Amino acid sequence: QVQLVESGGGLVQAGGSLRLSCAASKRTFGSYAMGWFRQAPGKEREFVATISWSGGSTIYADSVKGRFTISRDNAKNTVYLQMNSLKPEDTAVYYCAAGRLVTTPNQYNYWGQGTQVTVSS
């Protein structure tokens, strides 16, 4: 079982930056791809970014490409999402997940509880 805890969310003005962190509870963290997803009120959960277990491969949603960067530190069992040039439409609850290097939520086995990101205009 892998337990995931997100942190770093908050309120920021448009154009600002935030860095989300996701700490995993188990040393086998390094064997999973790690993804970030988000869900806005009244909308379905959507893919944001994912990174391979080694950190050598990444995939981004078109809506965040060039603004967000996913990274991981396997020694610290932590994955990060650096979010720059934030827009009001980035407002959502952000979730990290452990699973396969894909963009579909149902291929991720473990999920965190989520952290709220609010971007004001």
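**Entry 1: the disulfide**

I count two cysteines as a disulfide when their sulfur atoms lie within 2.5 Å. This is a predicted model, so I am reading computed values throughout. By that rule I get one disulfide. Which cysteines form it? I found Cys 22 and Cys 96, with their sulfur atoms 1.9 Å apart. I looked up the handedness next: the link of Cys 22 and Cys 96 is right-handed, with 45° about the S-S bond. Then I checked where the two ends sit. Cys 22 is in strand β3 and Cys 96 in strand β9 (residues 92-99), so the pair ties together parts 74 residues apart in sequence.

Are these cysteines buried or exposed? Cys 22 has a relative accessible area of 0%, so I noted Cys 22 as buried. Cys 96 also comes out buried, at 0%.

**Entry 2: the sheet around β3**

I stayed with β3 and looked for its neighbours. I found an open sheet of four strands in the order β1-β3-β8-β7, and the pairing is antiparallel. Which strands are at the edges? They are β1 (4-7) and β7 (68-73), and each pairs on one side only. I also jotted down the twist, which averages 15° from one strand to the next.

I then took a closer look at β3 and β8. Strand β3 (residues 18-24) and strand β8 (residues 78-83) run antiparallel, and six bridges join them. I picked out Arg 19, whose bridge partner in β8 is Gln 82.

While in β8, I stopped at Thr 78, which is found in that strand. Its relative accessibility is 10%, and the cut-off for buried is under 20%, so Thr 78 counts as buried. What does the side chain of Thr 78 reach? I traced it to the backbone oxygen of Lys 76, at 2.8 Å.

**Entry 3: aromatic pairs**

I searched the whole structure for aromatic pairs and got five. I wrote up two of them.

One is Tyr 32 with Tyr 110. Their ring centres are 5.7 Å apart and their planes stand at 85°, so I logged the pair as edge-to-face. Tyr 32 lies in the loop between β3 and β4 (33-39), while Tyr 110 is in strand β10 (residues 108-111), so this pair ties together parts 78 residues apart in sequence. Tyr 110 counts as buried, at 17% relative accessibility.

Another is Phe 37 with Trp 111. I noted 5.1 Å centre to centre and 55° between the planes, which is a tilted pair. Phe 37 is in strand β4 and Trp 111 in strand β10, 74 residues apart, and the pair links distant parts of the chain. Which way does each one go, buried or exposed? Phe 37 is buried, with a relative accessible area of 0%, whereas Trp 111 is partly exposed, at 26%.

I also checked for a cluster. Phe 37 and Trp 111 belong to one aromatic cluster together with Phe 47 and Tyr 108.

**Entry 4: an arginine over two rings**

Last, I looked for a charge over a ring and landed on Arg 45. Over which rings does Arg 45 lie? I found Arg 45 over the face of Tyr 95, at 3.9 Å from the ring centre. Arg 45 also lies over the face of Trp 111, at 4.7 Å from the ring centre.

Terms used
Residues numbered from 1 in each chain as written. Predicted model: local features only at pLDDT ≥ 70, side-chain atom pairs only at ≥ 80, totals over all residues. Heavy atoms only, no water. Pairing = 2+ DSSP bridges. Helix = DSSP H or I, 4+ residues; strand = E, 2+ residues; numbered from the N terminus. Axes fitted to C-alpha atoms, helices over the stretch in contact; angles between N-to-C directions. Buried < 20%, exposed > 50% of the residue type's maximum accessible area, 1.4 Å probe, protein only. Phe/Tyr/Trp six-rings, centres within 6.5 Å; stacked < 30°, edge-to-face > 60°. Lys NZ or Arg CZ within 6 Å of the ring centre and 35° of its normal. Polar contact = N/O pair within 3.5 Å; in protein donor to acceptor, adjacent residues only side chain to side chain.
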